[in-house]
Amino acid sequence: MPALVPWLVFIHVLSAIIAFGPSFAFGLYGSRAAAEPQHGNFMARANHYVLDRMVIPVALSMPVSGLLIVWASGIDLLKAHWLLLAIGVYIVAILYATLVQRQAVIRMVELTSASPPAGAPPGPPPGLPETAAKIRQGGMLLGTLIVIIVALMVVKPAF
């Protein structure tokens with residue numbers, strides 16, 4: 001199966017680009033939405049749409065291509081410590097993205113969808129700044145985890 005390995009790696013890397021590439025732009029979108037609050041709901045809904053329809057589904061498909069690469073190339077998973085660590089970091093990232101970050105994005109959509117109550121003081125609705133901060137911090141965490149995974153996969157450090 002060695003002839004299959006380059007194709008599996010191609011599929012795996014392309015999946016990583018599709019799944020995680022947009023994630024790096026989410027922070028830029030958020031800062032633009034903060035600068036132009038009238039567009040905040042659109043950006044929150046767009047981020048939620050991309051997250052649910054592209055980022056998470058493609059990211060969840062990556063273990064399949066990854067395990068096929070391990071199988072086709074004959075990697076001894078128990079001896080490839082760099083790969084075990086990368087898999088562990090991936091699991092943390094995917095759990096955080098689906099259980100925490102996605103919920104914060106949904107909350108942002110809710111907060112920016114509601115009309116302010118009559119007589120409410122001007123400014124962002126209660127909870128919006130905290131939710132935006134949570135999304136921003138989560139994005140930085142997820143970006144860092146992705147960089148760690150890529151470094152482990154490319155460098156394959158011996159330890």
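In which helix does Asn47 lie? Asn47 belongs to helix α2 of this predicted model. The residue is buried, because its relative accessible area of 13% falls under 20%. Beyond the residues up to four places away in sequence, Asn47 touches Phe26, Tyr29 and Val105.

Asn41 is also placed in helix α2, which covers residues 40-73. Its relative accessibility is 17%, so Asn41 counts as buried. With neighbours within four places in sequence set aside, the contacts of Asn41 are Val109, Thr112 and Ser113. Ser113 is also its polar partner: the side chains of Asn41 and Ser113 make a polar contact at 2.9 Å.

Ser73 is a further residue of helix α2. Its relative accessible area is 35%, and Ser73 is therefore partly exposed. Ser73 and Met1 are 72 residues apart along the chain. Their C-alpha atoms, however, are separated by 7.1 Å.

Helix α1 contains Ser15. This serine is buried, at 11% relative accessibility. Leaving out neighbours within four places in sequence, Ser15 contacts Val58, Ser61 and Met62. Ser15 and Gly139 are 124 residues apart along the chain, and 19 Å separates their C-alpha atoms.

The packing of the helices comes next. Two packed helices are described by the angle between their axes and by the distance between those axes. Helix α1 spans residues 5-35 and helix α4 residues 128-155. The two pack at an angle of about 155°, and their axes are 11 Å apart. This angle is over 145 degrees, so α1 is roughly antiparallel to α4. The crossing of α1 and α4 is left-handed. On the α1 side, the contact is made by His12, Phe20 and Phe24. On the α4 side, Gly143, Ile146, Val147 and Met153 take part. By class, the residues of this contact comprise five nonpolar and two polar, with no charged residue.

Helix α4 also packs with helix α3, which runs over residues 81-113. The axes of α3 and α4 come within 9 Å. They cross at roughly 160°. The pair is therefore roughly antiparallel. The crossing of α3 and α4 is left-handed. The contact of α3 with α4 holds 25 nonpolar residues, five polar and two charged.

In Lys156 the value is positive, near 50°, and the residue is not a glycine. Lys156 sits in the segment after α4. Its relative accessible area of 45% makes Lys156 partly exposed.

Asn41 is buried at 17%, Asn47 at 13% and Ser15 at 11%. Ser73 is partly exposed at 35%, as is Lys156 at 45%.

Methods
Residues are numbered from 1 along each chain as its sequence is written. This is a predicted model: local features need pLDDT of at least 70, side-chain atom pairs count only at pLDDT 80 or more; totals for chains, interfaces and linings use all residues. Side-chain values use heavy atoms; hydrogens and water are left out. Helices (H or I, at least four residues) and strands (E, at least two) are DSSP runs, numbered from the N terminus. Buried means under 20% relative accessible area, exposed over 50%, partly exposed in between (1.4 Å probe, protein chains only). A polar contact is a pair of N or O atoms within 3.5 Å; within protein, one must be able to donate a hydrogen and the other to accept it, and residues adjacent in sequence count only if both atoms are side-chain atoms. Contact means heavy atoms within 4.5 Å. Axes are lines fitted to C-alpha atoms, for helices over the stretch in contact, and angles run from 0 to 180 degrees between N-to-C directions. Angles under 35 degrees count as roughly parallel, over 145 as roughly antiparallel, 65 to 115 as roughly perpendicular and the rest as oblique. A crossing is left-handed if the near helix is turned anticlockwise from the far one by less than a right angle, and right-handed if clockwise. Ala, Val, Leu, Ile, Met, Phe, Trp, Tyr, Cys and Pro count as nonpolar, Asp, Glu, Lys and Arg as charged, and the others, Gly among them, as polar.
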